[in-house]
Structures are given as C-alpha cells and as structure tokens.
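Morning, everyone. Let me put the model up, and then we'll walk through it.

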Amino acid sequence: MKRFFRFLSLAALLFAAGCLSAPSSRVAIPADRIGVCSWSWRLPMKEVAREMAEADVKGIHLALGPFIAPDERHGAAEDAAALAFVKEKIAKGEWVLMSTMIGTVGEDYSTLETIRETGGIVPDRTWEANKKIVTAGARLTQELGCRYMSTHAGFLDESNPAALKKYVQRVTWMRDECRKYGVELILESGQETAEDLAAFMPRVPGVGINFDPANMILYAKGKPREAVRVLAPWIKQVHVKDARETKKPGTWGTEVPWGEGEVGGEAFLADLEALGYKGNYVVEREAGDDRPGDIRRAVRALRR
C-alpha cells in the first residue's frame, strides 16, 4: 500500500505541474497498441474480419460468448468452423489477440437498477452457471494463446460487509480458476467509483482492470481522467469509448462516438501515457447507427 500512495503522490504532483492535463497534448498511439472489441460490429466472425481489414486494425478483444455462452449483447452462437477461422487469423498473424472476454448469464441492462441486481457474479441464482463460463473461457483463452481474459464482475457494494465478502470470494475463485490455465483475470470498470475499486483491488492480488472511461459516465460514478490517476497501478487494458452524462439522475448516460463526449479524448490519452501506461487501447462501440464508421474514426483518432 505504501507504494500505491507514493504513486498517487507522484500523480498528484504531475497533475499540479500540468503534466497530466495539458489541453494541447496530442498523443499518437502506435498501431500495435490499437484494437477493437469483436462484438462492436454485431456481426459473425468472418464479417468481423472484413470490418477489421476496412478499419486497418489487427488488434482484437475477442468475445468468447459465441463459442461458449452466446448472448444478444456479444454475439450469436458460432460453429466450430468459425472458431477455426479465428484461430487461423491469429496463427497467421493477421489478428493480434489482445484479450478475450466472457459475459455472464441473466444480465438485464434495462435500467441502472436492473443491471445492479442482475449483473456479473453478484446474483446467487446464476453463480453456478457463471462458474462454468469462467472455466470454459479460461480454457479457450489458453488455447488461443492469450494472456488476459476480461469480464464484468457486477456491482461492488462496499457498504454491505456480507455482500462484499461474497464478492471478494467469487472474484478470488475466478482469479484462481484463470491461473490454472495461465490466464490473468481483468475486471471491467463500471458500476463503482474509482475510490471503491481502488479499495477493493488489494483484496484480490493478481487481478487487473480493463478500464472503460465511458462506463464511469454512463453509471454516473465519477470523472474518467480523475479515475485513472487512482486506478493506474491496476490498469492492464483500456476501452476507447465515450459518453455524456445523463440529465436525469438515476438513468443511463448516453454513449457517443469517441471524441464527442465527456471522457476527454486526447487529454485522457495524454494522462494515461504520462502515468506510464504501456497497455493497449481497444475501441468499443455499443450504440449508434453507424458503428463501422464510428470505429474507423476512433482508430484514426488514436493514430494521429
């Protein structure tokens, strides 16, 4: 913890000196650190390949759902031939597998309250089914030769000791199950403040964070640029996604194309780079009428 607080002190000094927030900062991200979430297009994998070529990007955050537990958000079921196609793309170096992703069963994103009750590993009624998904996902991630597997763990309730204890136990189980296959678990940020997540992470050493800046805005959990200064020691991957705050408390914010929301765009990227972040930037788009166009524009914005 002493190292963590020294890190925060350094971040605060850099911020005060303007090193983390210079509005004129322009950051060009190398092509080998740029990827796209496979589910962003809502297409079968062979069509995803076409879109990736169109976007001129090789990095991919691959949803495993179509191969182990399909859902409406991350893709319909795909057959063995589709998985063989994915493996071939990776083996030939045409795709760079940056991470995999598993969903959980029974999630309801209708409102903030429904996803709080149904999301991730929190509900007892879906825990056994989700354990099977974790095992299958870790096994397939190993088979694909990938280091990181991400998931949404669900609502972290620091105010309820019993709920927090159960949450820690379940994340610890997932971490240990992933380790059996040489895989590192990374949790996507979302339904918690940066401070709550920072307090939780030391409870499960060896687990990282897939930081999604738009989620903080969508869930009204704080400012992304402030959050990365708190969470930087654990951030292993970053989603490139933007959003605007809701005007009606208790309702969802609005996802928008990268650079058109309140994440901070280039200043956000500059903050991460100044903090020493060396991981990948993966474009995610889960809304809008022109996802392919929005993705291509986000990729170009990262490179310039």
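Is Val 57 buried or exposed? Val 57 is buried, because its relative accessibility is 5%. Buried means under 20% relative accessible area, exposed over 50%, partly exposed in between, with a 1.4 Å probe and protein chains only.

Quick ground rules. This is a predicted model, so local features need pLDDT of at least 70, side-chain atom pairs count only at pLDDT 80 or more, and totals for chains, interfaces and linings use all residues. Residues are numbered from 1 along each chain as its sequence is written, and side-chain values use heavy atoms, with hydrogens and water left out.

Back to Val 57. The residue lies in the loop between H2 and strand S2 (59–63). Helices (H or I, at least four residues) and strands (E, at least two) are DSSP runs, numbered from the N terminus. Leaving aside neighbours within four places in sequence, Val 57 is in contact with Ile 34, Gly 35, Val 36, Met 52 and Arg 303. Contact means heavy atoms within 4.5 Å. Phe 67 is ten residues from Val 57 in sequence, yet 23 Å away in space, C-alpha to C-alpha.

Now Glu 51, in helix H2 (residues 45–55). Glu 51 counts as buried because its relative accessibility is 12%. Outside four places in sequence, Glu 51 contacts Trp 41, Leu 43, Pro 292 and Arg 296.

Next, the cores. A nonpolar core is a set of buried Ala, Val, Leu, Ile, Met, Phe, Trp, Tyr and Cys residues joined through side-chain atoms within 4.5 Å. The largest has 82 residues, and Val 171, Phe 200, Phe 211 and Leu 231 touch the most other members. Helix H7 (residues 161–179) contributes the most, six residues. A second, separate core has six residues, among them Ala 63 and Val 282.

Which helix is largely enclosed by the rest of the structure? Helix H11 (residues 266–274) is, because seven of its nine residues are buried. Those buried residues pack against elements including strand S6 (208–211), helix H10 (224–231) and helix H12 (291–303). Just after H11, Gly 276 takes a positive phi of about 90°.

Last, the whole chain. There are twelve helices and ten strands. Of the 304 residues, 52% count as buried. Among contacts with a separation of 6 or more, 72% join residues 24 or more positions apart. The C-alpha trace spans about 55 × 50 × 40 Å along its principal axes.

That's the tour. Questions, please.
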